[in-house]
Every structure is written in structure tokens, then in C-alpha cells.
Amino acid sequence: MDQENLIVQITTKLEQHSEVGAAFLGGSHGRGESDALSDVDVYVVAVQPDQVQKMVTKLADSVSDIAPILNSKVLPNVRTINCITDKWQRFDLTVVTGVELGFLASGQQVKPLFDNLGISGAVLSTPPALQKTSSGKFLEDVKEFIRILGLSVVVKKRDDLIVAQTGTNLMRDILIRTMLIENEPQPQRGVLSLSQSLRPAQQAELQQLPAAEADWPAIEERTRAIADAFFPRARLLSRRLNAKWPDEFERVTRTYLIEEIGFEF
């Protein structure tokens, strides 16, 4: 079953539930950015707002009516049913009220599959909000990056290469988030669509980072490369976001690294 047939099957089965008043495609399909490997995200609008949880349970028990299922689970938000079919196609059903859909649609684009409630006009007339990061959230990442750098002293003195590898990966994740902020505003995308949110030059920079080999020279080379990529762009962003840079935290951490393990960047 290809994606289009899967969407048709989902639509057909949802329309058979009298408690479902409308269904909308979200995610990459809603934005028109889907490819053959995209999952299918569907917002299921309950007719009665107080029946949302009952609808989640009912759909969770009947997803095999849509397609043979290898695995399914209700996610921690207790609204979304995550499914994998026997062809390893992925789809999510998220049960919402009409008001909640309007709120969600302000953060992303959606496309109606059917609309017995007549809410498409109101939902689609709301332009999608583009993702923007607050200065506070950005500064949290900056401070966390510096903190992880400082912990290199503990990790090195304990000769713990496994934790050191994890630390470089955490710093790389913060570097990626910083690159994404550089590119804002842009639509919200899932983690599997990361490449669509990064510029080619940014992708190349990440691909050229040294590997996290399990020896100290490689760890230090990777840490230095990530730090050298992070700090200049993060400082520029702090000015753009009017965020107060943690100068003293950075200065003390740099000194601590040099004095304790001879590491500088």
C-alpha cells in the first residue's frame, strides 16, 4: 500500500466513526513537503469535545482496520496513536477538538480529508505561524553547552571515554539547534526532516566534524571542532535575539579547562 492509498484507507475508516466530525492532514503532507519516506500525520476532530479520550481509546483499539499493524502505541500526550504497518509505513492519529485544531493550525499547515463540521474555512484562514526561538530558550542552550564543556574536566580525569563520546554528541545537538535558529523563521518540522531545515553549507559543516572515536586525541579534536563552530554563531545570535551572553561563565570555564586538563579552543 503506497502513501496515497494509506491516506485513502485512513479517511475511509475515520468517516465510518460517527464520533469523528472531520480529519485533516498535518506534518509534511499538510505542508506539501512529503516524500515517499514521510509518515502520515492526521488530526482527528471529535464531534463532542468531551469525547476526545473515549475516541482515542476506540481508535487505538481499531487501527488494524486501517492496515495490518506491526506496532502501535498511544504517545505520552495521550492524544496521539503512533502506528507502524506491516509495510513499515508510519502514521499518527491525533484526536483533538475543533478549537484545538484551530490552535494547532496556527503553528503548521493542514489539509482537509473530510469536514462534516464545516470548520475548514476558519482553520485554513489562519496563516501558519513560523517557528521562532525566544532569547531565554536560546540562552539555556548556550549555558548548557558551556556546562558540558566544563564537565570535560571530570570526564577526562575519570578516564571515561564513553561519557566523553556522549558529551560531544550533546554539544553537537546544541550546535544543530543553534543552526536551526540561524535559519528562523521557518515551519515546524519533525526530527526526521532535519535536513530540510538546514542549509547545504550547514549540512556540510556537520558532516565534516571529526568522528567520536574512543580515544582522547579524537575526543578533544571533535570537542574543539564543535566548540569552534558553536561560539561564533552563538555570539552573533545573542546579539540578534538581544540575549545577554554569559561572559563570566564562559571565561571561568575556559580558564578551568586550560588549568585542569590543558584544553583550549
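1. What you are looking at. This is a predicted model, where local features need pLDDT of at least 70, side-chain atom pairs count only at pLDDT 80 or more, and totals for chains, interfaces and linings use all residues. Residues are numbered from 1 along each chain as its sequence is written, and side-chain values use heavy atoms, with hydrogens and water left out.

2. Overall build. The protein comes to 12 helices and 6 strands; these are DSSP runs, with helices being H or I of at least four residues and strands E of at least two, numbered from the N terminus. Along the principal axes, the C-alpha atoms fill a box of roughly 70 × 40 × 35 Å.

3. Of the 265 residues, 43% count as buried. Here buried is under 20% relative accessible area, exposed is over 50%, and partly exposed is in between (1.4 Å probe, protein chains only). The protein exposes about 14,000 Å², with 53% of it supplied by carbon and sulfur atoms; accessible areas come from the Shrake-Rupley method with a 1.4 Å probe, and for residues only the protein chains shown count as cover. Among contacts (heavy atoms within 4.5 Å) between residues at least 6 apart in sequence, 64% join residues at least 24 apart. There are 29 positive and 35 negative side chains, and the centres of the two sets lie 4 Å apart. Lys and Arg count as positive and Asp and Glu as negative, while His and the chain ends are not counted; each charge is placed at NZ of Lys, CZ of Arg, CG of Asp or CD of Glu.

4. The cores. In soluble globular proteins, nonpolar side chains tend to be buried together. A nonpolar core here is a set of buried Ala, Val, Leu, Ile, Met, Phe, Trp, Tyr and Cys residues joined through side-chain atoms within 4.5 Å. The largest one has 30 residues, and Phe138, Phe145, Leu175, Phe230 and Phe231 touch the most other members. Helices α6 (135-150), α8 (161-182), α11 (216-240) and α12 (247-261) each give two or more residues to this core. Apart from this core lies another, of 24 residues, including Ala23, Ile66, Ala67 and Phe91.

5. Gly32 counts as exposed because its relative accessibility is 63%. Its C-alpha atom is 46 Å from that of Asp160, 128 residues away along the chain.

6. The loop between α11 and α12. Which residues does Ala243 contact, leaving aside neighbours within four places in sequence? They are Ser135, Phe138, Leu139 and Ser238. Both Asn242 and Ala243 are in this loop. Ala243 counts as buried because its relative accessibility is 10%, whereas Asn242, at 72%, counts as exposed. Asn242 also has a positive phi, near 55°, in a residue other than glycine. The C-alpha atoms of Ala243 and Gln165, 78 residues apart along the chain, are separated by 30 Å.

7. Another positive phi. Trp88 is not a glycine either, yet its phi is about 55°. Trp88 is found in the loop between β4 (80-85) and β5 (90-96). With a relative accessible area of 56%, Trp88 is exposed.

8. Arg158 is in the loop between α7 (152-157) and α8, and counts as exposed at 67% relative accessibility. Its C-alpha atom and that of Lys13, 145 residues apart along the chain, are separated by 57 Å. Gly136, by contrast, is in helix α6 and is partly exposed, with a relative accessible area of 38%. From Gly136 to Thr80, 56 residues apart along the chain, the C-alpha separation is 29 Å.
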